[in-house]
Amino acid sequence: MSTNRLLIVDDEAAIARLIEQAAREVGFEVRAIFDSQDFEKAIQEIDPNIVFLDIAMPGRDGLELIGHLAAGNYAGKVVVMSGSDKSYIQMSSTIAKARGLNVAGTLEKPFRRATILELLRSLSDGNAK
């Protein structure tokens, strides 16, 4: 099992697939979920060391999921992303940091594939291609 395990949480399948393809290219094991209700199960199954988290999800939003990660003492890295206003992304990142999470970056949608590849390479633990 790779030590580069990524969980993508995004209700936009096209965005999740773009990140997933780039992550596989860099050498990550990847799981993408499109429904925030599947979050806890996915965290247990994949045990990710990185979570890309869309903060504008229907049902349970990303701030709720940030709370879940913090309550579970998640030690991995978090990338906060959204198509929402940049200030909302920054506020969510600040909240995540205040809750003790390791926020490794933010992504404002839409983004380019090259941006994702660069970010994933910087987050890799060194075992990726």
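Q: Is Asp47 buried, partly exposed or exposed?
A: The model is predicted, and the reading rests on relative accessible area. Buried means under 20% and exposed means over 50%, with partly exposed in between. Asp47 has a relative accessible area of 49%, so Asp47 is partly exposed.

Q: Where does Asp47 sit, and what is its phi?
A: Asp47 lies in the loop that links α2 (39-46) to β3. Its phi is near 45 degrees, which is a positive value in a residue other than glycine.

Q: Which loop holds Asn73, and what is the phi of that residue?
A: Asn73 belongs to the loop between α3 and β4. Here phi is near 55 degrees, again positive in a residue other than glycine. With a relative accessible area of 65%, Asn73 is exposed, because the cut-off for that word is over 50%.

Q: Next, the sheet. In what order do the strands lie?
A: To read a sheet, list the strands by who pairs with whom. In this model five strands form an open sheet in the order β2-β1-β3-β4-β5, and the pairing is parallel. The edge strands, β2 (29-33) and β5, each pair on one side only. On average, neighbouring strands of the sheet are turned by 15 degrees against each other, direction ignored.

Q: How many bridges join β1 to β2?
A: Strand β1 (residues 5-9) is joined to β2 by five bridges, and the two run parallel. As an example of residues that face each other across this pair, Arg5 is opposite Glu29 of β2.

Q: Which strands does helix α1 touch?
A: Helix α1 (residues 13-26) packs on the sheet and touches β1, β2, β3 and β4. The direction of α1 makes about 175 degrees with that of β2.

Q: How many bridges does β4 share with β5, and which residue is the partner of Val78?
A: β4 and strand β5 (residues 102-108) pair in the parallel sense over six bridges. Val78 has Val103 of β5 as its bridge partner.

Q: What does Gly105 touch?
A: Gly105 is found in strand β5. Leaving out residues up to four places away in sequence, Gly105 touches Val78, Val79 and Val80. The C-alpha atoms of Gly105 and Val80 are separated by 6.5 Å, although the two residues are 25 apart along the chain. Gly105 is buried, with a relative accessible area of 17%.

Q: How are two packed helices described?
A: Two packed helices are described by the angle between their axes and the distance between the axes. In this model, α1 and helix α5 (residues 113-123) pack at an angle of about 45 degrees, with axes 9 Å apart. That makes α1 oblique to α5. The contact involves several residues, including Leu18, Ile19 and Ala22 of α1 and Ile116, Leu117 and Leu120 of α5. The crossing of α1 past α5 is right-handed.

Q: At what angle do α2 and α3 pack, and which residues make the contact?
A: The angle between α2 and α3 is about 40 degrees, and their axes are 11 Å apart. The two helices are therefore oblique to each other. Phe39, Glu40 and Ile43 of α2 meet Leu65, His68 and Leu69 of α3. The crossing of α2 and α3 is right-handed.

Terms used: Residues are numbered from 1 along each chain as its sequence is written. This is a predicted model: local features need pLDDT of at least 70, side-chain atom pairs count only at pLDDT 80 or more; totals for chains, interfaces and linings use all residues. Side-chain values use heavy atoms; hydrogens and water are left out. Two strands pair if DSSP finds at least two bridges between them. Helices (H or I, at least four residues) and strands (E, at least two) are DSSP runs, numbered from the N terminus. Axes are lines fitted to C-alpha atoms, for helices over the stretch in contact, and angles run from 0 to 180 degrees between N-to-C directions. Contact means heavy atoms within 4.5 Å. Angles under 35 degrees count as roughly parallel, over 145 as roughly antiparallel, 65 to 115 as roughly perpendicular and the rest as oblique. A crossing is left-handed if the near helix is turned anticlockwise from the far one by less than a right angle, and right-handed if clockwise. Buried means under 20% relative accessible area, exposed over 50%, partly exposed in between (1.4 Å probe, protein chains only).
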